[in-house]
Amino acid sequence: MRLVPALPRQAWIILGGDTISAIGTGMTLPFFVVYLHRVRGIELEVAGLAVATIALASVPGNAVGGFLVDRFGARRAVLAGLVLSAAGAALIAFVSEPWQAFAAAAASGFGVAVFFPGFDSLLAVAVGPEQRSSVFAIRHATMNAGLGIGGLVAAAIVELDSVRTFQALYLVDAASFVAVVPLLLALRGLGTRAEPDAEHARGGYGTVLRDRVFLRVAGLTVLLFGLGYAQVNAAFPAFATGPGDIGAKALAVAFAVNTLAVVLLQLPVLRLLQGRRRSAAVSLVFLLWAVTWAVTLAAGKLGGGADAVALFAFAVTIFAFGETLMSPSVQPLVNDLAPDALRGRYNATYTLALTTGYILGPVIAGAALGAGHANAFFLALVAACLVAALGASRLRRSLPAAADLIGDPRLDLAEPVIVPAATTHG
């Protein structure tokens with residue numbers, strides 16, 4: 001039996017396109033505020049608002065993306081999102097005034113928000129239900145690899161006193177979106193519009209919002225991203241470089257360790273999870289993240305130095321372990337609950353839930369850390385994760401047995417599941 005699942009060719013094509021896009025995103029992800037403020041001379045407060053515009057534009061983008069998937073098919077929706085995302089990245093390269101920064105950020109945020117529900121839907125139908133956990137787990141690993149590669153390339157190229165190096169980064173980012181287009185065009189017959197049944201066709205987002213089981217999953221998603229990803233990107237770096245007293249380079253090392261851990265752990269963890277319950281895996285994610293924040297708080301007490309750096313790196317390694325449990329659990333669960341005719345809207349609502357967590361998490365963290373309540377904040381994170389773990393464990397009572405299962409324990413991962421392109425829907 002092989003460690004890497006043998007997925008259908010069409011799934012690998014989609015994953016390859018996503019990795020290309022992730023490399024471009026990794027080149028620009030850390031630099032938007034720095035670029036606007038330090039390179040283009042835009043005030044820091046205005047630059048921060050421009051970044052927030054990306055998240056705000058993604059809210060209507062999610063809704064539109066879900067509609068486009070269900071109305072015109074996942075592939076067409078993804079193509080539209082790729083074009084908009086490429087345009088947004090290219091516009092950022094030539095920003096010189098604040099209004100241009102807002103316009104470019106809005107185009108980028110809207111385009112990516114249209115892209116994600118379609119991409120998730122396309123990936124979900126490229127494999128059989130029993131391989132959805134595998135394909136989303138592999139996507140998480142390849143996406144992290146792409147982001148890491150992009151970050152390393154950017155570090156070798158970018159210079160704060162050179163506008164041209166930043167323009168090159170954003171233009172390459174735009175090109176990475178365009179490069180995915182011919183790959184998707186090669187997926188003939190995949191991601192076409194599903195044949196809607198009458199009830200679901202009339203229901204639209206109303207049907208999604210009446211699905212109580214899915215809403216519980218969406219609520220847990222808000223917590224996963226609000227208590228987890230948002231904090232590792234907002235509270236963790238602020239605490240580590242502030243009260244934790246480690247430098248920017250040491251912080252970069254910690255994040256590199258996190259990325260490497262995800263890439264190395266994802267496939268072994270996926271194999272261990274085969275036949276396990278998704279609800280139990282999500283509960284364990286919250287428990288691991290509670291430990292992450294406890295270790296982070298302990299690292300902040302060491303007063304800097306090599307020991308502190310090592311403990312902060314250990315904290316985000318624990319976090320990475322949680323990530324590898326989440327990726328084969330939540331998104332595949334969303335797609336198992338979604339009817340074909342509303343798959344786009346289900347994925348869009350899931351994306352909106354994670355966006356909500358991403359928005360609320362940094363706001364709460366900023367207020368707490370800014371007021372000097374770092375210790376109390378991280379203790380609250382630990383407590384909140386423990387409560388969320390209990391809520392996730394109770395999700396099992398509501399889920400259909402098949403939807404709660406990761407993969408199929410009878411399935412040999414070395415044997416590909418072939419999904420006929422003519423019969424798949426998006």
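**Salt bridges and their surroundings**

Author: Asp 336 and Arg 278 form a salt bridge, with their closest N and O atoms 2.7 Å apart; the term requires a side-chain nitrogen of Lys or Arg within 4 Å of a carboxyl oxygen of Asp or Glu. This pair joins distant parts of the chain, with Asp 336 in helix H15 and Arg 278 in helix H13, 58 residues apart. Helices are DSSP runs of H or I with at least four residues, numbered from the N terminus. The model is predicted, so local features need pLDDT of at least 70 and side-chain atom pairs count only at pLDDT 80 or more, while totals for chains, interfaces and linings use all residues. Residues are numbered from 1 along each chain as its sequence is written, and side-chain values use heavy atoms, with hydrogens and water left out.

Asp 336 also forms a salt bridge with Arg 132, where the closest N and O atoms are 2.7 Å apart. Here too the pair links distant parts of the chain: Arg 132 is in helix H6 (residues 132-157) and Asp 336 in helix H15, 204 residues apart. Asp 336 is partly exposed because its relative accessible area is 24%, the class between buried, under 20%, and exposed, over 50% (1.4 Å probe, protein chains only).

Another pair is Arg 277 with Asp 404, whose closest N and O atoms are 3.2 Å apart. Arg 277 is in the loop between helix H12 (248-273) and helix H13 (278-299), and Asp 404 is in the segment after helix H17 (374-394), 127 residues away. In this pair Arg 277 is partly exposed, because its relative accessible area is 33%, and Asp 404 is buried at 1%.

Asp 18, Asp 120 and Arg 139 are linked in a network of salt bridges. Over the whole structure the search finds seven salt bridges. In general, side chains of opposite charge can pair when their charged atoms come close.

A cavity is a set of points on a 1 Å grid over the protein atoms alone where a 1.4 Å probe fits but cannot get out, and lining residues have an atom within 4 Å of a point. Points are joined across faces, edges and corners, and the volume is the space filled by probe spheres set on them. There is one cavity of 30 Å³ or more, and the largest cavity has a volume of about 40 Å³. Helix H10 (212-233) and helix H15 (330-337) are the elements giving two or more residues to its lining, and H10 supplies the largest share, four residues. The lining includes Val 217, Leu 220, Val 330 and Leu 333. By class, the lining has seven nonpolar residues, two polar and no charged, where Ala, Val, Leu, Ile, Met, Phe, Trp, Tyr, Cys and Pro count as nonpolar, Asp, Glu, Lys and Arg as charged, and the others, Gly among them, as polar.

Conventions:
1 Å grid on protein atoms, 1.4 Å probe; cavity = no way out; pocket = protein on both sides within 12 Å on 5 of 7 lines; lining within 4 Å.
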